[in-house]
Amino acid sequence: MMNNLVLFPILVPFLGAILLMLLPKKIILQRTAALIAGLALIAVSLFLVFHVKQNGITTVNIGNWDAPFGITIVGDMLSSLLVFTTSIVLVCVIIYSFYTIGKPREKFLYYPAVLLMIVGVNGSFLTGDIFNLFVFFEVMLMASYVLLVIGGTKIQLKATIKYLLINVIGSGFFVVAIGVLYSMIGTLNMADISQKINALHGTNTGMLSVAAVLFLFVFGLKAGLFPLYFWLPGSYFAPPIPVLALFGGLLTKVGVYAIIRTFSLFFTKETTFMMPLLGILALITIIFGIIGAISYYDLKTIVIYNILIAIGVILFSVSILSRESVTGAVYYLIHDMIIKAALFLIIGVVMAITGSSSVKKFSGLMTVKPTLGWAFFIAIMGISGIPPLSGFFGKLLIVEGAFSAHEMIGGILVLLSSLFVLMSLIKVFTRGFWGEKSGHLTLTIPYRKMMLPVIILLTLSVLYGVFSNAVYPFIADAVEPIIDPNVYIDAVMKE
Amino acid sequence: MELLMAILIGLMFAAATYLILSKSLLRIIIGTAILSHGVNLFVLTMGGVKRGDVPILGLKATSAYNDPLPQALILTAIVISFGVTAFFLVLAYRAYQELDSESISKTRGHEADDE
């Protein structure tokens, strides 16, 4: 009975979405129900985190079919922590949406789409079956297409066409990758695949490398890895701010999680070139992210390119695959989900005041809204990794891990990337927030209500940094199955 | 049999790639449809094209049944790609109404407007 707890992060938003579809025109009802679903999700996932902390990896075999034959939902610490972070971001975005998204969109199934996307995200984090992962990816992507196009302005239509096309191709190749793997291994359960790949040891494993590259292509496309990130800046520029915060906080991170999960389970022993390839691509991603981030004067675009830098940093440290670097990667992943959502929400407030996201069009915001200025400043310090704040500890471990694995270039590049992240955002701060008051500043927005979710996210981010010691036992549990896949396999295949 | 299927699937992927790289939005959608056909056929082939019976327990198979798992996977993938294609077609229709063109080059120009 307690095991079914793992299913609740999927079932709660799913139930919420279904019920909300029944009464699309009652906005008050939509808002309260969405908020209640979000809060329930936080409660459930927090409970799940502590349950997994006490009892180890929790699995549930759906329909009582034993592990390799049915679908297994696996709640290990990494998934539980990501689900918990997702639910926090969700609630903040829902609160923010109340005041910014506008009634026409709210009447047109906005909240059900948000909840369905969370179903897909949480399902992807929790599933233990590779085809089920594909299905949850599609649930997530379908809802994200709707969220991207809802409202139907020209820019959204243009962006959705490209985003949809890219993801249709990506999904096609995901199925191809599963087909290749299935023809070799003959099973779909991730733990079982891992076990059977180990049993292949010494035999002809060339096709396994093909499958590995296909998976890297598919997940790299979702995550925005170097040669496959080209869709991301354009597509993320289009949607309204709360949707952008959800996308920037969650969607690419699901791709990162899928890479961590499949590569740590499947492709570590038999394919020696896979991890170095991932590392090199991740480093190039960092470089291209830096180039994008420092070359624009547009707030939104700068932060979008900062997503790429973070993806590169996380995947680089995953590719080293030592305990230290993976711990850093998990720290950084959770930090990045929170801080990116917070940054996009702050940009939303700035855009609501100034009517533009280009820092060339306004300055002197500090004199008008000092709280906003300081919130943005703290977010910048957090994202670039200034010591007491949340970005520091993860990056420290990543750099230490890189140096102890003799990846000097990578370590130095990660350090330099911090400098450029700081530079790209401090440019915004000095131009937009300091100086004489100029530009058209409208102050009739519900400023305090919009700042509430921003403050919540920033407080959490600061606490996460200050109390990183208290979080450490949880992160250590999350790292264990990545370093030693047998922990994961034993938990799933126990009977 | 698998070799024939492989050649056919390869041709489908080639056709899909060619169509997706073209300028007209409708051709692109046809390309994605062919791509998903190729993908489904690929999964069926990779599951093994053996001469077994249809996987229905009521029919007493003389020797063996075919693998039922790829068939279930394909059924799932078909429904999903059907949903996505329907959405894509309506999106293309809306884009045609709003942008007055079904050329993909009309979807340019979304980036931040600074130099």
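## Salt bridges in chain A

The side chains of A:R323 and A:E480 meet in a salt bridge with an N to O distance of 2.9 Å, the term being used here for a side-chain nitrogen of Lys or Arg within 4 Å of a carboxyl oxygen of Asp or Glu. Because A:R323 lies in helix α14 (residues 323-354) of chain A and A:E480 in helix α20 of chain A, the pair ties together parts that are 157 residues apart in sequence; helices (H or I, at least four residues) and strands (E, at least two) are DSSP runs, numbered from the N terminus. A:R323 is partly exposed, with a relative accessible area of 42%, and A:E480 is likewise partly exposed, at 28%, where buried means under 20% relative accessible area, exposed over 50%, and partly exposed in between (1.4 Å probe, protein chains only).

The structure holds eight salt bridges over all chains. One of them joins A:R31 and A:E106, whose closest N and O atoms are 2.9 Å apart; since A:R31 lies in helix α2 (residues 27-55) of chain A and A:E106 in helix α4 (residues 103-107) of chain A, this pair ties together parts 75 residues apart in sequence. A:E106 counts as buried, at 1% relative accessibility. Another salt bridge links A:D76 to A:R261, with the closest N and O atoms 2.7 Å apart. A:D76 lies in the loop between β2 (72-75) and α3 (77-100) of chain A and A:R261 in helix α11 (residues 241-265) of chain A, so the pair ties together parts that are 185 residues apart in sequence. A:D76 is buried, with a relative accessible area of 0%, and A:R261 counts as buried at 2%. A:K253, A:D336 and A:K340 are linked in a network of salt bridges.

## Basis of the model

This is a predicted model, in which local features need pLDDT of at least 70 and side-chain atom pairs count only at pLDDT 80 or more, while totals for chains, interfaces and linings use all residues. Residues are numbered from 1 along each chain as its sequence is written, chains are lettered from A and ligands numbered from 1 in the order in which they are written, and side-chain values use heavy atoms, with hydrogens and water left out.

## A:S468 and helix α20

A:S468 lies in helix α20 (residues 468-483) of chain A and counts as buried at 12% relative accessibility. A polar atom of the A:S468 side chain lies 3.2 Å from the backbone oxygen of A:G465. Residues up to four places away in sequence not being counted, A:S468 touches A:Y331 and A:F393, contact meaning heavy atoms within 4.5 Å.

## Interface of chain A and chain B

In the interface, 39 residues of chain A are in contact with 37 residues of chain B. The two chains bury about 3,500 Å² between them, 78% of it on carbon and sulfur atoms; buried area is the accessible area (1.4 Å probe) that two parts lose on being put together, summed over both. In chain A, A:K158, A:I161 and A:Y182 lose the most area to chain B, together 18% of what that side buries.

On the side of chain A that touches chain B, α6 (130-149), α7 (154-185) and α10 (232-237) of chain A each supply at least two residues, and α7(A) gives the most, with 19 residues.

Notes. A polar contact is a pair of N or O atoms within 3.5 Å; within protein, one must be able to donate a hydrogen and the other to accept it, and residues adjacent in sequence count only if both atoms are side-chain atoms.
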